[in-house]
Amino acid sequence: MLTSLQDLPHRKKDGPPLAVLTAYDYPLARLLDEAGVDLILVGDSLGMVVHGLPDTTGVTMEMMLHHLAAVRRGVVRAPVIGDLPYHSYRTPGVAAQNARRLVEAGADAVKLEGGADFVPQARAIIQAGIPFVGHIGMLPQSVREEGGYKKKGRTPEDAARLLADARALDDAGACAIVLESMMHDAAAVITRQVSASTIGIGAGPATDGQVLVTHDLIGAFPWFRPPFAKARADIAAECSRAAREFVRSCREPSGEKHG
Ligand code: KIV
């Protein structure tokens, strides 16, 4: 079980692979920490699975700070990563300033979406003394510009660009890089060629770890689940069952007595 980001290089070298999950509130964060998850990500996916937004572009710094503070209260061991939301890192100065706010709310590291173009932001964050996590491949914050969620690394040129992005973030000092929805070969090559720990989501088995949105893992968001995310529980069905049972018990005069 990871207790410090400083152990990442050792885990990359000797394993076992990292198990990373998202959390957005106190109880879930506490359960994941107690279950031995290596890293907890307060991802801007919270915009979709908690706030019901159509994508992550409507997530604000205030939302991230609110959820980070709740997660922090639930975690005693696992390092917590906080996402910089859409448009919160337009310049290196703004990126460092907002990264500091995430750290003050409880993050141990911050993540932003983008490759070589965002190296100045990555460097500014690292110079501010904040561990930095990169995120390349399919970038949810770019869904509107790209016109949908598209798997990356399908052509040799695109795979080479992903590798160049990963190397640029690695050289800048990223401690980890999320590789999202890309061809498995591209993720495997990147993982071999960078010192940072790669954390895959829809990127195949050859990364240094795997991350999932916890709502996908536990079946808590039944209206959409990405094909690569295997649900290992059905919380939505259990919640509906309990709610229906409660409704029946309230309506049947001869049913359960309530306090
Ligand atoms: O926001 C998030 O949950 C993420 C993961 C999908 C990696 O960035």
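The model is predicted. H8 packs against H9 at about 30 degrees, and helix H6 packs against H8 at about 25 degrees.

- Helix H9 spans residues 184-193, and its buried residues are Ala186, Ala187, Ala188, Ile190 and Thr191.

**H8 against H9**

- The axes of H8 and H9 lie 10 Å apart, at an angle of about 30 degrees.
- An angle under 35 degrees counts as roughly parallel, so H8 is roughly parallel to H9.
- The crossing of H8 past H9 is right-handed.
- On the H8 side, the contact is made by Ala159, Leu162, Leu163, Ala166 and Arg167.
- On the H9 side, Ala186, Val189, Ile190 and Gln193 meet them.
- By class, the residues of this H8–H9 contact are 7 nonpolar, 1 polar and 1 charged.
- Ala186 and Ile190 of H9 take part in the contact with H8, and both are listed as buried.

**H6 against H8**

- Helix H6 covers residues 119-127, and its axis is 9 Å from that of H8.
- The angle between H6 and H8 is about 25 degrees, and the two helices are therefore roughly parallel to each other.
- H6 and H8 cross in a right-handed sense.
- Val119, Ala122, Arg123 and Ile126 are the H6 residues in this contact.
- Their partners in H8 are Ala168, Leu169, Asp171 and Ala172.
- The H6–H8 contact residues comprise 6 nonpolar, no polar and 2 charged.

**Helix H4**

- Helix H4 runs through residues 61-74, a total of 14 residues.
- From first C-alpha to last, H4 reaches 20 Å, close to the 20 Å expected at 1.5 Å a residue.
- The buried residues of H4 include three methionines, Met61, Met63 and Met64.
- Leu65, His67, Leu68, Ala70, Val71 and Gly74 are also buried in H4.
- Helices H2 (26-35), H3 (46-49) and H5 (92-105) are among the elements covering the buried residues of H4.
- Strands S2 (39-42) and S3 (80-83) are also among the elements that cover them.

**Thr56 in the H3–H4 loop**

- Thr56 sits in the loop between H3 and H4.
- Its relative accessibility is 2%, so Thr56 counts as buried.
- Leaving aside residues up to four places away in sequence, Thr56 touches Asp44, Ser45, Met48, Tyr86, Pro140 and Gln141.

- Pro16 belongs to the loop between H1 and strand S1 (18-22).
- The place of His87 is the loop between S3 and H5.
- His87 has 43% relative accessibility and therefore counts as partly exposed.
- The loop between S6 and H9 holds Ser181.
- Ser181 counts as buried because its relative accessibility is 13%.

Terms used: Residues are numbered from 1 along each chain as its sequence is written. This is a predicted model: local features need pLDDT of at least 70, side-chain atom pairs count only at pLDDT 80 or more; totals for chains, interfaces and linings use all residues. Side-chain values use heavy atoms; hydrogens and water are left out. Buried means under 20% relative accessible area, exposed over 50%, partly exposed in between (1.4 Å probe, protein chains only). Helices (H or I, at least four residues) and strands (E, at least two) are DSSP runs, numbered from the N terminus. Axes are lines fitted to C-alpha atoms, for helices over the stretch in contact, and angles run from 0 to 180 degrees between N-to-C directions. Angles under 35 degrees count as roughly parallel, over 145 as roughly antiparallel, 65 to 115 as roughly perpendicular and the rest as oblique. A crossing is left-handed if the near helix is turned anticlockwise from the far one by less than a right angle, and right-handed if clockwise. Contact means heavy atoms within 4.5 Å. Ala, Val, Leu, Ile, Met, Phe, Trp, Tyr, Cys and Pro count as nonpolar, Asp, Glu, Lys and Arg as charged, and the others, Gly among them, as polar. The expected span of a helix is 1.5 Å times one less than its number of residues.
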